[in-house]
Amino acid sequence: MTKNIKEHLEGIDKELASLILKIGDISNTISNELPYRRGKADTKNVFGELQLVIDKWADQFLIDELKKSNLVKTLASEEQPDLVKLNDDGIFNVTVDPLDGSSNIESNNLVGTIIGIYKKDLPTQGKNQIAAMYILFGPVTTLIYTAQNGVHEFLQTKKGFVLREENIKLPEPGKLYSVGGLRKDWLPSFNKYVEELEMEGFKLRYGGSFVGDFNQILHYGGIFAYPALNTKPNGKLRLLFESNPMSFIIEQAGGASTNGNGSILEVEPENIDQRVPTYVGNKNLIEKLEKML
Ligand code: FBP
């Protein structure tokens, strides 16, 4: 009998299990609302990016539902300028990217929700996460989580989230490379690195949503990068909302992360909207990259 997520979470801390289940329920509502909440909102987020109606709605829905759960003390969101206080006696502090890759919605491509879970107050280093998860809204909806007990994937069905794959490890050798930014803006050393991957037969897979591209690397192996650029030395991705949770998951799956100098999880955040050059994938590919950069 296929385990459902509730049964699978019995092995971890009760409150943490309740929070992960709650976020799973929230994601069900978000996926149901995707067809209806369309178009651009007339506001911008802290990064100066025009927000979509669904970005704002998903953000506020996550805040309202996590407040009701009484489990979360503070929340940091990619769509909020500052930390949001939810419950004084909440246990966890949470980072959220309510709808990563939302610019893909108009073209009906992959989007998702990315979550980092901490006991320590935010902002803090990614290594202080006690759990991380993402929900991928694609041909099917899947939920991937780790609570430092391996990486596990669940499929959304009429009966709720059921186990699809347990203890996921990055396949060796990797097959894919997925790189953002314009090639003309890549650093020469990174250009050389990608040329060598191409010579070795790595296939390009880039869909413009970190959550979707990351999921390809998790299942087929390889490397995802939104690199340091000539024009943007810190790249594009947000340390707290995107790079820390995904680095936590990739390292739990036997892979590695780097900002070019070392694990992203060691980066000391200076502010909540900090960006970081992001490279995640198979350990050997990250080690080679660090030598070449
Ligand atoms: P948000 O949609 O959460 O702002 O995320 C940023 C993002 O869309 C990532 O998901 C993706 O990896 C990257 O930006 C795509 O950037 P680009 O359009 O430059 O390729």
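Around the ligand stand 15 residues, and Asp100, Tyr206, Phe210, Tyr226 and Arg238 come nearest among them; a residue counts as near a molecule if one of its heavy atoms lies within 4 Å of it. This is a predicted model, in which local features need pLDDT of at least 70, side-chain atom pairs count only at pLDDT 80 or more, and totals for chains, interfaces and linings use all residues. Residues are numbered from 1 along each chain as its sequence is written, and side-chain values use heavy atoms, with hydrogens and water left out.

The shell around the ligand holds four nonpolar, four polar and seven charged residues. Here Ala, Val, Leu, Ile, Met, Phe, Trp, Tyr, Cys and Pro count as nonpolar, Asp, Glu, Lys and Arg as charged, and the others, Gly among them, as polar.

| Side chain | Distance to a ligand oxygen atom |
|---|---|
| Glu78 | 3.0 Å |
| Tyr226 | 2.7 Å |
| Lys236 | 3.1 Å |

Taken alone, the ligand exposes 480 Å², of which the protein buries 81%; these areas come from the Shrake-Rupley method with a 1.4 Å probe.

With a relative accessible area of 75%, Asp88 is exposed, a term for values over 50% (1.4 Å probe, protein chains only). Its C-alpha atom is separated by 8.5 Å from that of Val72, 16 residues apart along the chain.

Note on methods. A polar contact is a pair of N or O atoms within 3.5 Å; within protein, one must be able to donate a hydrogen and the other to accept it, and residues adjacent in sequence count only if both atoms are side-chain atoms. Buried means under 20% relative accessible area, exposed over 50%, partly exposed in between (1.4 Å probe, protein chains only).
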